[in-house]
Structure formats: structure tokens, C-alpha cells
Amino acid sequence: MLRGLWRIHSLLSKHACHQETREIRQLITLAIETSCDDTSVAVLETAHGDDTSENQKAAGLYFHEKVTADNAQFRGVHPIIALESHNKQLAPLIAKALHTLPSPDHGSLSISIRSESGWIEKKKPDFISVTRGPGMLSSLNTGLNTAKGLAIAWQVPLVGVNHMQAHALTPRLVNALESRNNERLSPEFPFLTLLVSGGHTMLVHSKALTHHTILANTVDVAIGDCIDKMARHILPAGVVEKSGEIMYGRLLEQFAFPNGPLDHVYLASRTRAEDLARKPSIWGWAFTPPLSRTRSGSRSKDMAFSFAGLGSAIERICHRNETAMTLDERRDVAREALRVAFEHLASRVLMALQQLNQADTADTQKIGTLVVSGGVASNRFLRTVLRSFLDIRGYAHIRLIFPPTSLCTDNAAMIAWTGTEMYRAGYESDLSCGALRKWSIDPIAEDGGILGVDGGKMK
């Protein structure tokens with residue numbers, strides 16, 4: 001029996017499900033993302049079936065826009081400000097998106113929308129995709145309730161999407177947007193996913209569409225949150241305030257490496273012992289790598305992430321030398337802090353690959369891709385560190401995939417794609433489904449993972 005309320009309600013066999021999937025040729029979904037402070041809407045069309053044009057792209061975005069709440073005065077996300085922004089921005093974005101829908105073709109259903117010249121017919125979306133969780137409940141409910149209204153009004157299915165699953169599947173969206181319909185989607189399962197953002201830091205073994213095993217998670221703060229705090233202490237006075245931004249990772253990267261990758265003078269160490277060693281600077285300070293400072297060294301082997309200690313160390317160094325700290329020293333602090341943080345990420349990737357190789361199963365031997373997604377994935381120095389670690393430690397064959405910067409952060413395009421993959425696989429959501437503040441992607445988690453929560457069904 002399927003967990004939660006996922007159920008079969010129209011097909012009687014696996015063969016029938018396969019046949020129905022093949023009969024679906026073109027699918028259009030309107031997608032909504034409101035999990036935090038970004039209000040985003042997308043319209044995605046995907047091609048499917050052997051008789052579609054050989055040169056046709058596997059997917060195409062008719063519309064994709066995002067508006068971020070102005071939280072600058074709070075130096076972080078304020079739930080009420082985020083909610084007010086969703087209420088203000090979501091409806092206009094949807095209205096704008098409807099005008100980008102294609103005209104109905106022969107035999108397709110249509111909806112009427114108002115234009116300056118009168119009412120016009122547009123092709124009706126086949127289903128609505130919406131972020132159901134995890135995230136801030138008030139923000140999630142704004143998008144979810146709007147999506148339910150559209151599903152009822154248009155009499156189309158609803159697909160509630162796991163936000164973290166969508167980040168993991170983003171490279172498949174990118175591949176579909178660039179590839180022809182008759183090509184296999186890449187990356188194929190299984191692959192590793194490193195999700196790094198302001199709210200999450202986890203390493204995931206993505207085995208299948210709905211099966212993502214969490215190999216490592218943060219025990220304290222997320223790396224994105226740590227980087228934001230680093231920036232507040234390291235950046236010269238006034239830089240943060242003048243930027244008008246609330247997430248400071250980009251500012252810190254630009255300060256640390258003003259010439260971009262040309263400043264990335266970096267080579268990964270060859271041994272774990274070198275990874276754990278403190279590297280004193282010319283200024284007299286040094287950072288201790290996370291989870292390394294124990295007599296036995298046992299914590300250095302934990303499959304976990306920790307960034308709170310690094311953030312505290314940076315605060316102590318910067319406050320101790322605040323008045324005398326030169327611009328050059330601040331830049332060195334920034335570079336060294338990012339190096340230690342990213343090497344910590346890389347060390348757990350290597351440990352996971354080693355453990356999976358030791359398992360020596362047919363499934364683990366297929367892993368040839370590491371997907372890095374989430375807001376921190378846009379950091380180019382992270383790419384340098386990960387690539388160097390993999391190459392030097394014997395994993396040069398592992399392909400690194402970073403989505404475009406616009407798709408690294410929260411967006412509705414990834415929700416549209418994940419909703420489409422779920423819908424094609426036979427999954428829908430009940431109109432009774434609720435928003436979920438916490439929602440794991442791991443099937444062995446307490447909530448049962450993606451399919452373990454109430455409110456789903458199979459078509």
C-alpha cells in the first residue's frame with residue numbers, strides 16, 4: 001500500500017500507467033513558488049512521445065518571473081514583509097503569465113482571458129504545479145491556496161511539489177530546455193546532490209524521482225546563513241548597507257575575489273590529514289576546520305556539516321582587530337573563510353563517494369554526477385574547490401553540474417519541472433492538501449519523505 005494518501009484511481013496496472021504516459025504528448029503547467037520571500041510564476045511546456053518533431057526541444061518556458069520582498073531594513077527575511085509581498089505580487093504575475101500561454105490548437109481546451117482589445121482564447125494548462133513545502137507556512141499557503149483556486153476554476157489537477165526535490169531536479173530542467181525531445185534526460189538517476197542555501201545544507205543520494213537519501217545534513221546552521229554572517233563581520237563598513245541586499249554571499253565573493261576566477265589561486269590537499277590541519281595566516285590568525293577538533297579525530301569522520309564554529313571564529317577575529325584591520329587583511333579573512341567552508345563541503349562529498357564505492361552495489365557504481373544546487377551554488381569559488389578536490393582525490397570522472405545562477409535560487413521554473421516529472425509519473429495532489437513547514441525528501445525520514453505525507457494520490 002502506498003504511504004499517506006497516494007492512491008491509484010484510474011489505472012489498473014503498471015502497463016496501463018506506462019501506456020497513458022506515452023499517450024501524453026504536450027503538457028503545459030502553470031507553476032507557483034512562494035516558500036520564502038520570493039514570489040515566482042512560470043509557464044512550462046514539455047514535449048513527450050515518439051511522434052513529436054525530432055528537432056523539438058524537450059521543454060520550453062513561455063514565462064518565468066520572480067519578485068523578491070524588500071527585507072533590506074531587517075537584514076534578513078521578515079515573515080510579515082514576505083507575506084505582504086506575496087499578496088501584492090502573485091496575482092499580477094499570474095495575470096501576466098496567462099498572456100504568454102499559446103493559442104489553442106485543434107482539439108485542445110482553452111480559457112478566456114481579458115486583453116486590451118477584448119477577450120482572447122488561450123490554451124488551458126493541463127495542471128497546476130505549486131510549492132507545498134518545506135518553507136514558511138504563511139508564504140506557502142498564499143501560493144497553495146491560489147493554486148487550488150486555479151485548479152478548481154479550470155477543472156485541472158493540482159501537483160504539490162517538494163521544494164528541495166525541485167532543487168535536486170533543476171539540472172534535468174536545464175537539460176530539457178537545451179536538448180531535443182528524442183534525447184535522454186540528464187543527469188540520469190542515480191546521482192549525488194549537494195543542496196546549499198541560506199536554509200539548507202545537505203548531501204543527498206538521488207536514486208529516483210521520489211527517492212532521495214540524505215547522506216549528510218547540517219547539525220547547526222546552513223552554509224548560506226553562515227556566509228551572510230561572515231559578510232557582516234568581514235566586509236568594510238557601509239558595503240552591506242549600501243548594497244540594499246539581504247543575502248550577502250555575492251558581496252563577499254566579489255570582495256574576496258575582485259577579479260573573479262582569475263583570483264582563485266587554489267589547489268586541493270592530497271590527504272585528509274592536510275584537510276584537518278590549521279593553516280596560519282601572515283596576520284597571525286588561523287581557522288580550525290569544522291568537526292575536526294577532537295582528541296581522537298572521530299568527529300572528522302562524521303557524515304554531517306557544521307558551520308556555527310567557523311562563524312564564531314570569524315566574529316572573534318574581526319572584532320579583535322576591527323580598528324586596525326586593513327583592507328588586505330579583511331580580504332584574506334574572506335578568502336580563508338570561504339576556503340575552509342567549501343573544503344568542509346568537499347570533504348563530505350569525498351566521504352560519501354568512498355562509502356558508496358565500498359558498498360559495491362550495481363546502483364552505486366553508476367554514480368558519475370554531482371549536482372550542486374541552491375543559492376550558494378552560484379559561488380564560483382565553490383566550483384573551483386569542488387573540482388580540484390575531485391580531480392586530486394581520484395574522482396576526476398565525476399561530472400559537476402551547476403544550474404545557471406537564475407535557477408540556483410528559489411524559482412517557479414524548477415517547481416514547474418518537478419511538477420511535470422511527478423505528473424508524468426502518475427502523481428497528483430488532493431485539493432485538501434495543506435502546506436508543510438517541514439517535509440523531508442528521504443523516504444526513511446519520520447514523515448516518510450516525498451510520498452509519505454497526506455494529501456497525494458496517483459492518477
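**Group meeting: a walk through a predicted model**

Good morning. I begin with serine 129, which sits in strand β6, residues 127–133. Please keep in mind throughout that this is a predicted model. Serine 129 has 0% relative accessibility and therefore counts as buried. Beyond its sequence neighbours up to four places away, serine 129 touches Thr29, Leu30, Ala31, Ile32, Val159, Ile415, Ala416, Gly419 and Thr420.

Let me place that residue in its setting. The protein chain contains 13 helices and 14 strands. Of its 459 residues, 54% count as buried. Among contacts in the chain with a separation of 6 or more, 72% are between residues 24 or more positions apart.

The bond from glycine 133 to proline 134 is cis, with omega near -10 degrees. Proline 134 belongs to the loop between β6 and α3, the latter being residues 137–154. A cis peptide bond also joins phenylalanine 189 and proline 190, where omega is about 0 degrees. Proline 190 is located in the loop between α4 and β8.

On the matter of phi, two residues deserve mention. Glutamine 155 is not a glycine, yet it has a positive phi of about 55 degrees. Glutamine 155 lies in the loop between α3 and β7, which spans 158–162. Leucine 291 also has a positive phi, near 55 degrees, and is likewise a residue other than glycine. Its place is the loop between α8, residues 272–276, and α9. Is each of these buried or exposed? Glutamine 155 counts as exposed because its relative accessibility is 65%. Leucine 291, at 8% relative accessibility, counts as buried.

I turn now to the sheet that contains β8. This is an open sheet of 5 strands in the order β10-β9-β8-β11-β12, with mixed pairing. At its edges are β10, residues 211–217, and β12, residues 399–401, each pairing on one side only. From one strand to the next, the twist averages 25 degrees.

Consider the two ends of that order in turn. At one end, β9 and β10 pair in the antiparallel sense over 6 bridges, and they form a hairpin with 2 residues between them. Within this pairing, valine 204 stands opposite isoleucine 214 in β10. At the other end, β11 and β12 pair in the parallel sense over 3 bridges. Here valine 371 has isoleucine 401 of β12 as its bridge partner. Helix α4, residues 163–178, lies across β8, β9, β10, β11 and β12, and runs at about 120 degrees to β8.

Which way does α5 run relative to α10? The axes of α5, residues 223–234, and α10, residues 327–359, come within 10 Å and cross at roughly 170 degrees. That angle makes α5 roughly antiparallel to α10. On the α5 side, the contact is made by Ile223, Ile227, Met230, His233 and Ile234, while α10 contributes residues including Arg330, Val333, Phe342 and Leu345. The residues of this contact divide into 11 nonpolar, 1 polar and 1 charged.

Valine 372 touches Leu194, Val196, Ala377, Leu382, Leu386, Leu400, Ile401, Phe402 and Pro403, leaving out residues up to four places away in sequence.

Which residues surround it in contact? Leaving aside neighbours within four places in sequence, aspartate 410 is in contact with Glu33, Ser35, Cys36, Asp38, Lys66, His163 and His167. Aspartate 410 and histidine 163 are 247 residues apart along the chain, with their C-alpha atoms separated by 8.5 Å.

Thank you for your attention.

Key: Residues are numbered from 1 along each chain as its sequence is written. This is a predicted model: local features need pLDDT of at least 70, side-chain atom pairs count only at pLDDT 80 or more; totals for chains, interfaces and linings use all residues. Side-chain values use heavy atoms; hydrogens and water are left out. Helices (H or I, at least four residues) and strands (E, at least two) are DSSP runs, numbered from the N terminus. Buried means under 20% relative accessible area, exposed over 50%, partly exposed in between (1.4 Å probe, protein chains only). Contact means heavy atoms within 4.5 Å. Axes are lines fitted to C-alpha atoms, for helices over the stretch in contact, and angles run from 0 to 180 degrees between N-to-C directions. Angles under 35 degrees count as roughly parallel, over 145 as roughly antiparallel, 65 to 115 as roughly perpendicular and the rest as oblique. Ala, Val, Leu, Ile, Met, Phe, Trp, Tyr, Cys and Pro count as nonpolar, Asp, Glu, Lys and Arg as charged, and the others, Gly among them, as polar. Two strands pair if DSSP finds at least two bridges between them.
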